[in-house]
Amino acid sequence: MLLNLHVKNFALIDEAELDLGPGLNVLTGETGAGKSILIDAVNAALGGRVRGDVIRTGADFAYIELVFSVEGDKKKALEALEVSTEYDCILISRKIMENRSVHKINDEAVTSAKVRQVTELLLDIHGQHEHQSLLKKQKHLEILDEYAASGEARDQVAAAYGAWQECRKRLEAFQVDPESRKREMDFLAYEIQEIEAAALRKGEKEELTERFRRFRNSRRLAEAVQAAGRELGLQDMEGAGDQVSRALRELARGVELDGNLEDTYAQLSQVEELLSGVCRELEDYAESLSFDPEEMRQVEERLDSIQRLEEKYGGSLDAIFSSLRQKKQKLEEWNDFEVRKLETAEEERKKRAELEAASDRLSQIRRQAAEPLAAAIRQALTDLNFLHVEFTVALEPLPEFTRNGRDAAEFRISTNPGEPVRPLGQVASGGELSRIMLAIKALLSDKDQIPTLIFDEIDTGISGRTAQKVSEKLNLIARNRQVICITHLPQIAAMADRHFCIEKGVSGRQTQTIVRVLNPQEEVRELARMLGGAEITETVIQSAREMKELAGRTKNN
C-alpha cells in the first residue's frame, strides 16, 4: 500500500504531502487545478519519462518520494529482487535536475529499470487515455495472457521462436547458386595460399624492422664508433686509454715510495681495465657494421610484403593468423556445403516443430481462459450499468508464427439486445471503453494482487446512474486493496474513505497547486461544489449531505 506521497518543486506544486490510507482515496478539484500533476509526479517516480520543464520555475530540482508498506508474498518478491524490507516498507524517490535525474530505493541509487521492476509488484496506474489501448488487438492478447497467467508458456514460445529464427537465417545463407559458390571457394583458396606462402612467423616484423633501422643508420653508427675510438686511443697513442696506462705506470712508482697510494692505484687499474673492455666492444661492433646493399633491399622487400598482408588481413600478424584460421574453416564449410545444408534444413524443421508444439500449448491455455475471461468481464460490465451486454473473446490463428505464438485475440461486444457482437472499436463509446477498462483492471488486480490501483479520471464520458455504478464498483475494489482515484464525479467522491482537494492559488507572483485532506464538513462542501457548480445553495448542500450519507450506507452493506 502507498502510505505517503511527497512532491516538491514539480510543475505547479511548490510542496505537497499526502498521507494516504487503505480503501478509496479520492482527489477532486476544479478543472485545471493540477489534479493530474500528482499522477505525473508518481509516474516520474516510477521511472517514467519527464519533460524538461517539470522543474518548478525558480527551483534547481524537482523531487518525488513514495513510501510503500509491504507484507506477505510482496516482501518475498521484493527480497528476491534484493530490495530490503526490514521495516515492512520501502522508500522510492527520484530527484530531477536540469541535465540528469537520480532514482533511489531505500536511499540506494538504482536504475529506472530496477524501479519499474519493483513498482510493478506494488502499484498499477490507469491513465486518462489508457482505455484507448483497448482499440488495439495486441492489447486484447496481452490482457488474455495476463488473465490466463500464461507467462511461463509465453516465455517458452518466445525462446523457441528466437531459436527457429536464428536457424532460418543460417539456412538462408545456403541459398547460393553453384557459380557464386565456386567463385567464393576459389577466392578463399587464393587468400589462404597467399598467407601460407608468406611463411610468416611471430616476432619477424620486429626483427626485420631493427635490422633495417641499423642498415639505414649504419654510416652514422660507423662514424660515431670511429670518433669514440679515436678519443679512447684505438687508432693512435694519444687516446684516453693510452694516457690512463701511462698514468698507471707513473703511479706504480709512487706506490713504491708511499703505500697510502695503493687504493688510488687499484681504482685507476679498474679504470684501465674498463676502458680496455669498452675498446674491445667498440672494435667488435665496428666489425659487425658491414653494410650489404643487397641484404638491405631484401629486408625492405620482406617488410613491405608483411605490411601489405597486414593491411589486407587485419592490421597485425595476430590478425593475419586469425584470418587464416577463419578462411580455412570457411573453405572447409564450403567443401561440406551440401551436407551442412541438409543438416541445417533438418535442424530448422526440428526448431519449427518445437515452436509449433510450444505455440499449441500456449493456444490451449488461451482457449481455456477466453470464455472465463469473457464471462467475468460480462458480469463486471453488468455491475457497471451495462444493462444488455454480450462480451466475447475471439481467438483466431495467424498465418505465421510470431514471438507471441500463433494467435490473434479480439474483444467483441454488443450493448443492445438482438445486435451481434462486434469489435470494440465499432461499438463502444469513450465512456463505455472507460468502464470496460475498469472492469478489466479489477479482474487483473484480483489475479496478481497488486495492492494499490490508481485511476486517473476513470469517469470519462459517464454520468447519472452509470456514475453511481462505477462508484459502487470502485468501493468494492477498495475493500480488498488501496484505490487512489482522480474524479470529477460527486458519486465517486462521496464513496471516499479519504478525500483530498486540489486547489490552484497564487503565492507572490507564482501560481501553485495546493493539496489538502478534507474533514467531513469540507467533504460535503466539496460535493456541493461538484453538484452545483458556481452557485452553492442550501439545497445543493443538503443534496451533497444526503449523497454522502447514502454512500456511507452503501459502503456498510
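Which residues are linked with Asp-145 in a network of salt bridges? Arg-154, Arg-366 and Asp-407 are linked with Asp-145 in that network.

1. Basis. This is a predicted model, in which local features need pLDDT of at least 70 and side-chain atom pairs count only at pLDDT 80 or more, while totals for chains, interfaces and linings use all residues. Residues are numbered from 1 along each chain as its sequence is written, and side-chain values use heavy atoms, with hydrogens and water left out.

2. The sheet. Six strands form an open sheet (6 strands) in the order β2-β1-β4-β5-β6-β7, with antiparallel pairing. Strands here are DSSP runs of E with at least two residues, and helices are runs of H or I with at least four, numbered from the N terminus; two strands pair if DSSP finds at least two bridges between them. The edges are β2 (13–19) and β7 (108–110); each has a single partner strand, so one side of each is left without a neighbour in the sheet. From one strand to the next, the twist averages 15°.

3. Strand β1 and helix α1. Strand β1 (residues 2–10) pairs with β4 (residues 62–69) in the antiparallel sense over 6 bridges. Within this pairing, Lys-8 stands opposite Tyr-63 in β4. Helix α1 (residues 35–45) packs on the sheet and touches β1, β2, β4, β5 (89–96) and β6 (101–105), where contact means heavy atoms within 4.5 Å. The direction of α1 makes about 100° with that of β1; axes are lines fitted to C-alpha atoms, for helices over the stretch in contact, and angles run from 0 to 180 degrees between N-to-C directions.

4. Salt bridges. The whole structure holds 29 salt bridges, each a side-chain nitrogen of Lys or Arg within 4 Å of a carboxyl oxygen of Asp or Glu. One of them joins Lys-8 and Glu-15 (3.5 Å, N to O). Lys-8 is partly exposed at 26% relative accessible area, and Glu-15 is partly exposed at 45%; buried means under 20%, exposed over 50%, and partly exposed in between (1.4 Å probe, protein chains only).

5. A link between distant parts of the chain. Asp-88 forms a salt bridge with Lys-75, with the closest N and O atoms 2.7 Å apart. Asp-88 lies in the loop between α2 (72–80) and β5, and Lys-75 lies in helix α2, 13 residues apart. Asp-88 is partly exposed at 39%, as is Lys-75 at 21%.

6. Asp-145 and Arg-154 meet in a salt bridge (3.7 Å, N to O). Asp-145 is buried at 4%, whereas Arg-154 is partly exposed at 27%.
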